[in-house]
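Colleague: Please take a close look at one part of this model for a student who is new to structures, and describe it step by step.

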Amino acid sequence: MADTTRVKLRVGFADQLRDIEFELPAGEPRPWDATSKLEIVGKPAPRIDGPARVTGAARYTHDIRLPGLLYAAVLRSPHPCATLGALDLGPARNAPGVVAVLALAKAGERLLFAGQDVAAVAARTPQQARAALRQISATFAPEPFVVDTRTAMEADAPIVHRGKVEERSTEGDEPGVAGGATQKGNVRMSPSQKKGDVDRGLRQARVTHEATYSTQVHTHSALETHSLVLRWDSPTTMTAWCSTQGIFSVRDELAEIFELKPQDVRVITDFMGGGFGAKFGASAPGSRLGFIAGELARQAKAPVALLLDRREEQLCTGNRPDSLQQVTLGATADGTLTAIKVLAHGSAGIGTGAGVGRNAFGIYSRCPNIRVASHDVFTHAGPATAFRAPGHPQGAFAIELALDELAAKLGKDPLDLRIAHNEHPVRRHQFELGRQRFRWDERRKQAVDQRQRNTRMRRGVGVAASIWGDFGRGKAVVATVSVGRDGSVEVRNGLQDIGGGITTVMAQVVAEVLHRPLAAVRVRIGDSELGPGVGSGGSTTTASVTPAVRAAAEAVKRQLDALASKHFGGKPMRWDNHGVHRVGVTKGSLAFAELCKHIDGEAIVATGTRPETYGAYPMKFMGGNSYQIAGVQFIEVEVDTWTGLVRATEVLALHDCGRVMNELSCRSQVQGGIILGTSYALMEQRVMDTRRGVMLNPNLESYKIAGALDVPNIEVVFTEVHTGANNTGAIGIGEPATIPTAAAIACALFNAIGAPVRDLPLTPDRVLAALGMIPARGD
Amino acid sequence: MSDSPRFTRRTLFRGIGSSTLVAGCAGQPARPPVPVDAEPAAAPPLDGAAIGPGPAPLRFTLNGAPQTVEVAPSATLLELLRHSLDATGSKLVCDRGACGACTVLVDGVPRPSCMTLAHDVEDRNVTTVEGLAAQGEPSRLQRAFVEHDALQCGYCTSGMLMSCQALLDRPGQRIDGDAVKRAISGNLCRCGTYPNIVAAVLSVAGEPQAPRGA
C-alpha cells in the first residue's frame, strides 16, 4: 500500500484560484478546498457552550469548591530591589485558620521586583489567609533599582541581573524567534533580522526619515486572574483545576516540580476567563503558583485554592514589554524604498522577549535592504510574557507611522507606498479592496480640507497591515470521535476553550462529516485525560485541532459506511442529513439511528491526528515552510483639537485566516483584537513610580481598558484563502487581528492633525503637544 | 421603594463627604493608627440594632427564594453569594467596583456586589445571573446573548447580563445602541464583546420581559 495519495485541489482566494496536485500522507482525508460544499462548517453557529456561560452554570477555576478546601495567599516583596534579611513565619503559622505556611525566599536572596514571591500561607478562608500574611515579619535591605527603560540603558544604571540570562518562552510565543544573545550591563542583545545591505541602501536614498517611536507596557488584564486549585489524590498523584491556555503545559510543569509522572497529574479547565498569552504552565511568569499551591496542599493534607487578586495579576503575571524604536527609512525620489532599519530596545522587566515582531522585516519586503535589531533591557519590574501577537503591535506602530511620515515627505499616498512594497498577493488584494470600501481617497482629501480650514473636530484615516504565520502543529493533537449504538455522537480532546469558541468548531467539523445536526454532537474538552491537545497560543488551536477531529470523524464514518454497505449488500449509497440511502432506489434508506443499531458492541470509536502542514500557499512565512497570513485594517479617528482627545470611530478590517470555520465566533475574534488594539493605542499604560519603583495603577480603575463607549464601529471582511495546508483548511485569527490596530490609529491621527504622535498611548497631552499647543513631556 | 440599599462602601463615602476623604488622603488631620485587622471596638448601638463583630443573622430574598444566613458584618454580598450560597455566577474581578463583573440587582437596581455589604440587603430582593433563567430555561436576553455571540470567555457575561436586564426592565425606556452602551459602561470586557452585546440587547428591546425568579 502506498503511503501517499495523489490529490487535485482548487486553492487560492477571491478570483485567483488555481488547481494543484500533490501527495497527501496516507490515511489523510482529502482537504476541503474551494470546490468543497460544506453545510455546517463556515456557517455562523452560536456557541454550544453559550447556555452554560450565560446562566452562571459554567464553573471556572475560581468557582471550584471542594470539601476542606483551603485558600492560599502570597506575601510579595514591596521593594523593587532588596536583599531579604530575616523571615519569620511563626506568627502566621499561629494565626486564626492557618493550616500551612511556606517560605518562598531565603535570607540573603536578592529580590528583583516589587511583587516577587516571599512567603505563602494556606488558611480556611481567603480573609484568614490575607490576615495571616500581615503577621509575617520580614526584613529587607533595599538596593539601588531602575524601573525606567531609558535609564536602565545608561552605563551607570543599577544592574538588574548579575549573571547571564537565558530566554524563557512558552507556547504563547511565536515559534522560532528566540536566538543566541550577548549581554552588557542591563542590555541583552539578540541577533538581527537582516537582508541586503541596509547601510548601502541608506546611501542610495534621496529621501530619508529617521525618528524614535515608543510604546508603553501593556498588561493582559484577563478578567479571571491566574488561578489554580490543587488536590493531592495520593502521595504521587494529583488533580489540578487551572485557569490556563495550555492544560498539558500545566500538567508537565506540576509533574516536573513534584517529580511525578505526567500521567499521574490530571488537569481540568472546563471554563477559563481569558488569558491573552499569559496563562501557560502551572505558574505565572513572575510567581511560582504551581509550587506554592502544591506544596501548601501537601503540607496541609488538604486541597488548596490559589486565586490571585487583581493587584497581583498586574504585578507578577506578565505584560507586553515597552519599546523604544529608532526607525530609519530611505527611498529614491520617486518613492522606492531602499532601506528599512529599526533599532529597538524594550524592557520585559526582569524577563526577556521584548522584540518588535516581524512587521518591519516581513511586510514591505520589496525593499531590498532591511535590518531589524531588537534588544532586551532589564529593569526591576515584573517579567513580561507572550501577549496576543508578541512584539507585533509595537513593531507595527513604529514602522507604519514611520512609513506615513516618509510618504508625507515624498508627497505620496501612504497606501500607494504600501502596495508598491508589499509582495503578498492576499494583502495586496486587501489593500485594494479596502481602498474602495473605506472610501480612502475621498476621506484622505476630507482630512486635508479640515486641516486647512483649521476646524476644531478633525477626522483622519490610516491603514496598517498584519503579518502572522500558519503555525498549526502536526501530530500534537489526538482527537477521539465516537458514535454509540444509541446514535449519540461525541468528540473528545484534552484541550481548553479560552473563549475563542473551539468547542463549537469541533462540533461543527464532526457534524459536517457525519451529516448530523450540530446539536447532536457532544463535545468534551478541558481535561488532560481526554487525550493530547495543544496549548492555545500562536493562533494555532483551530489549525491544530480541527484536522485531527476531522480525521477521527472520517475514520468513524468509514466504519459506519462498512456497516451500511453490508446492510445494502454492497450496492452504491450516499449520505445525507437523515442517514444513508441506496443510490437510485427510492425505498432503500437507513436512518442514522437505525444504522447505529447495527454497531457491534457499544460504540464505534476512532482517534485522529494530523500530519505536519502541507499544501500550497500564495506566500510562505519567512524562514519556514508555512503559510503567511495577511490582514489589513483601515481606521478613521476623530480628534478634538481643543482637548486633544482622540476617538477611533470606524474600522474596516480585512483578514485572512485560511478557511473561516465559524463565521460568528471568527468575527468576534477580529472585533476583540481590534478593541484590544484600540485600548492599547488610546488608553492603557502601566505607570511606574520611578522614585519608589512600584506600579502606581495595579488595578482596573486607573489602569484603563476600553469600555463599550470607547469602541469604534467595526466592519469585518474575511478574505477566505484555500491553501490545502491541512484537511480543514483552518489557520488562525486571534493574534493577527490585533496587530495593525494601534498602528492604523496612529496613522489616522497623523492624517487628521498633520503632525505625528510617536508615543503610545495617544493621550490628549501628546496630541496637544504635537499640535504645538502645550510643551511636550520632559521639555 | 427605596432606590438603593442602605450602605455600600460607596454610599458610606458619600455619607462621610468627599472633603473628609480628601483631607484623609492628604494625611491631615493626623489620627491615631488603627490596626487594620483589629476587632472593632464596641460602637454605641444605632437604633439598638448594632451587629457583630461575629456572624449575625441576615434575611433576604435571593432569586425569589427566601434566605436566612449567618454572616459576618464585614462580609460583602459577593462573598456571601460565592462562598456561603455557592452562587458562583457573579464574578470577583477587580474587588473595587471598577469592572462590573459582580453586578447583581438589588430591588431591581444594578449594584456591584463586591462593594455592597451583605447585611445591607436585609429584607431586600437580590437577583443574580442564576435568577434570570426561569425554571432553568434561559431568558430571552440570555438566549439573545448566545445567538449574537455576546460572550467569549464569559467572565464578564454575568455582570453584563444584569446591567442589560436592568435596562430592559426600566419602564418607558426607548432603547437604542447608545442607551445599551451607557447601561454597560461600568462593565469591562477584555475579549471585546461589546458590539455583540449591544446587538443582543437591541434584538430583544421592546419585547415584554418574562417574569423572573424561583
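**The contact and one residue of chain B**

Modeller: The contact draws on 44 residues of chain A and 42 residues of chain B, where two residues count as in contact if their C-beta atoms, placed from the backbone, lie within 7 Å. This is a predicted model, in which local features need pLDDT of at least 70 and side-chain atom pairs count only at pLDDT 80 or more, while totals for chains, interfaces and linings use all residues. Residues are numbered from 1 along each chain as its sequence is written, and chains are lettered from A and ligands numbered from 1 in the order in which they are written.

On the side of chain A that touches chain B, the elements giving two or more residues are helix 1 (50–54) and helix 17 (663–682) of chain A, and helix 17 of chain A gives the most, with 7 residues.

Turning to chain B, its secondary structure consists of 7 helices and 5 strands (DSSP runs numbered from the N terminus, H or I of at least four residues for helices and E of at least two for strands). Of the 214 residues in chain B, 44% are buried, that is, with 20 or more other C-beta atoms, placed from the backbone, within 10 Å of their own.

Within helix 5 (residues 157–169) of chain B sits Cys164(B), which is buried because 29 other C-beta atoms lie within 10 Å. Leaving aside residues up to four places away in sequence, Cys164(B) touches Leu141(B), Val180(B), Ala183(B), Ile184(B), Ile197(B) and Val201(B). Although Cys164(B) and Val180(B) are 16 residues apart along the chain, their C-alpha atoms are separated by 7.1 Å.

Definitions and conventions: A residue is buried if 20 or more other C-beta atoms lie within 10 Å of its own, exposed if 12 or fewer, and partly exposed in between; C-beta atoms are placed from the backbone.
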